[in-house]
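Biologist: I would like a close look at a single part of this model. Please keep the account connected.

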Amino acid sequence: QNNQVCVLSSDFTSKFIFPPPGTSGNTNGVILRQVLLSEFSQLSKQYDNVPKSPYHGTLSAALSMSLCYVNKIQRATKLSQSRLLILNVSADDNPSYTSVMNSIFSAQKLKTVIDVVALGSARPIFLQQASHITNGIFYQPNISHQHELLQHLLTIFLADNTTRDMLNIHQNSRVDLRATCFCHKEPVDIGYVCCVCMSLFCQFIPICTTCGTRFAVAPQKKILPLQRKVQIASQKPTSNPISNVNQPLPSFGRGKK
């Protein structure tokens, strides 16, 4: 009875869908169903009128808004548990890597579990790291088994944090924990880190693009191993076969008297 729910949409803008302004989040399920159906129908009409272009989502804004809402509810009602369930249908938004990771660490500080259901074919690395850091569940159903999605939502994601310890939930142990560089927004294994703002770059740059720090030390070039020349000391000098005339020794500054 004390459970509260809040629904946000993250398409081209992030906004609250439920609860409506001026109401609380503990409304019954009938009103929630009506509000969600009307909002989803409006979103589908907006997508039909929008021309196809490269999509840049607002996941970072939606995470920030949801965490602010969780923080407000925790301060007002002393809420003991809070969770975020993300239904994702798109790939990672690399330009918003920094803001997404800041939201993930903020959720960890608030002890808020982030669960992820990835419905697309691509594997979102950011959201997989979010569920791993916050002890949540990352689930990506097979395309041919999406009819079982409702069963997984009811059996896995409906249980609270305490009940999950008693369930045999399959967790993906292969988590890509590589960081993303700030210059090309790509995951890297080895890179250069700014000593001031901890920004990561895949290649050396003289000035940090985040905080403006100048680096005085250039990266060391890779030194190739030198080939050693073997000298044979026991080899005697051979005489000239054509002329056996001894050459005069050079004089070192000795003049005639």
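Biologist: Which residue of β4 does L85 stand opposite?

Modeller: The model is predicted, and what follows is read from it. L85 stands opposite D115 in β4. The two strands concerned, β3 and β4, run parallel and are joined by 6 bridges. They belong to an open sheet of 3 strands, ordered β3-β4-β5, in which the pairing is parallel. β3 and β5 stand at the edges with a single partner strand each, so one side of each has no neighbour in the sheet. Helix α4, residues 125-133, packs on this sheet and touches β3, β4 and β5. The direction of α4 makes about 145° with that of β4.

A further helix, α5 (residues 149-157), also meets these strands: its buried residues pack against β3 (83-88), β4 (113-118) and β5 (138-139). The buried residues of α5 are L149, H152, I156 and F157. Seen down the helix axis, they fall within an arc of 70°, so they line one face of α5. L150, Q151 and L154, on the other side of α5, are exposed.

Elsewhere in the chain, S199 sits in the loop between β8 (192-193) and β9 (200-201). S199 has 1% relative accessibility and therefore counts as buried, the cut-off being under 20%. Apart from neighbours within four places in sequence, S199 is in contact with F182, Y192, V193, C194, C208 and T210.

Notes
Residues numbered from 1 in each chain as written. Predicted model: local features only at pLDDT ≥ 70, side-chain atom pairs only at ≥ 80, totals over all residues. Heavy atoms only, no water. Helix = DSSP H or I, 4+ residues; strand = E, 2+ residues; numbered from the N terminus. Buried < 20%, exposed > 50% of the residue type's maximum accessible area, 1.4 Å probe, protein only. Contact = heavy atoms within 4.5 Å. Arc of directions from axis to C-beta. Pairing = 2+ DSSP bridges. Axes fitted to C-alpha atoms, helices over the stretch in contact; angles between N-to-C directions.
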